[in-house]
Amino acid sequence: MEEKIISVEKLIQDWRELSNGVKNSQKFKIENFESAFSDTYELLLRTTEENVLDKKTVELVSEAFLFANSGGDAVESICLAAFVLTERMLDYCAFNSNSAAGNSAAIYVIEARKEIKLDFKNPSESVGKLKEIFERQSLPKY
């Protein structure tokens, strides 16, 4: 049990650092995100069958949610993609009590008028897909 608390504590700190990095310096480290995302996903996947989450897991979900909502208008497309992926993962694994968590989610990206599949087990690929869409949407229209 102690090992889980330590890993959750570290993940909470990782999400805080990611949020602060985006807010304070507009810097985003994709490697740190991928690690925090993957570990959080695996932890939440193990807890989907539980009726009650412990306090630290709720704090972890809260920190990841704060990260997903920490951006402003001036964030890079890769950061925006990480926000969307995190929000979708939390929706499927932590907020949706009607369905079991899965390894992927299909989302409709309104700006692109397109549905894409996000793979939670491969955050690098999923962030890349979203980044590409967001970059295409931000190109000037002539």
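I sorted the lining of the second largest pocket by class and got 2 nonpolar, 3 polar and 5 charged residues. I counted Ala, Val, Leu, Ile, Met, Phe, Trp, Tyr, Cys and Pro as nonpolar, Asp, Glu, Lys and Arg as charged, and the others, Gly among them, as polar. A pocket here is an open set of points on a 1 Å grid where a 1.4 Å probe fits, with protein on both sides within 12 Å along at least five of seven lines; lining residues have an atom within 4 Å of a point. Lys10, Asp14 and Glu17 are among the lining residues, and so are Phe28 and Ser35. Which helix gives the most? That is α1, with 5 residues.

**Ground rules.** This is a predicted model, where local features need pLDDT of at least 70, side-chain atom pairs count only at pLDDT 80 or more, and totals for chains, interfaces and linings use all residues. Residues are numbered from 1 along each chain as its sequence is written, and side-chain values use heavy atoms, with hydrogens and water left out.

**Confidence.** I looked up pLDDT (the predictor's confidence in each residue, from 0 to 100). The chain averages 84, and 86% of the residues score at least 70.

Helices are DSSP runs (H or I, at least four residues), numbered from the N terminus.

Key: Helices (H or I, at least four residues) and strands (E, at least two) are DSSP runs, numbered from the N terminus.
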